[in-house]
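The following note concerns the salt bridges in the structure shown below. Please read the numbered points alongside the sequence and the model.

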Amino acid sequence: MKSNTIKMAVSLEEYIPLKVIIDRKAEPLKSISYSKDRTSFLEITVGMTSGLIKRITLLLSKEYDINETRLNIDVYEIGDITISDELKNSCSYFKTHLYKDGIKIEISEQKVFKYIKMDRLYIGLSQLNCIAEICLCELTLDEINHIKNELDYQEK
């Protein structure tokens, strides 16, 4: 784990509820997907050499809820993680929770053992170091409204 400063941006794109882009050195990319049936799909793009996260894209999430509270993660480590997961992962559990100021995407029922913080992005890891959650905090009202609108649009 490295403790360098990581800069990221949220891209608001039509038909895509959430796209997070992390500013890193250019390198060839590979995509790792997490999906539940045909109802939910999350893609994490990583560097082929480094294994570092470059992009996180939530393309589809039929199971979601909206909370009137703030997303708060108290205990975390600041750092970076490398991803060496399978390219395609089928999830039996996939839920998205939208908050007043953030989003939590749960892709596993495993309990989060620790969070790794990268700018506003928090990766929740299980005891076995598997990704269990992706959280993004400090979202603007425009970003929250965009995510909500695109998730609502998927229902139609």
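**Salt bridges in the predicted model**

1. R120 and E143 form a salt bridge in which the closest N and O atoms are 3.6 Å apart. A salt bridge is taken here as a side-chain nitrogen of Lys or Arg within 4 Å of a carboxyl oxygen of Asp or Glu. The pair joins distant parts of the chain, 23 residues apart: R120 lies in the loop between β11 (114-118) and β12 (121-125), and E143 in helix α1 (residues 141-154). Helices (H or I, at least four residues) and strands (E, at least two) are DSSP runs, numbered from the N terminus.

2. R120 and E143 are both buried. Buried denotes under 20% relative accessible area, exposed over 50%, and partly exposed in between (1.4 Å probe, protein chains only).

3. The model is predicted: local features need pLDDT of at least 70 and side-chain atom pairs count only at pLDDT 80 or more, while totals for chains, interfaces and linings use all residues. Residues are numbered from 1 along each chain as its sequence is written, and side-chain values use heavy atoms, with hydrogens and water left out.

4. A further salt bridge joins the side chains of K36 and E63 (2.6 Å, N to O). This pair also links distant parts of the chain, with K36 in strand β3 (residues 29-36) and E63 in the loop between β5 (53-61) and β6 (64-66), 27 residues apart. K36 is buried at 15% relative accessibility, whereas E63 is partly exposed at 30%.

5. The side chains of K19 and E13 also form a salt bridge, at 3.2 Å from N to O. K19 is buried, with a relative accessible area of 17%; E13 is partly exposed, at 27% relative accessibility.

6. Under the stated rule, the count is seven salt bridges.
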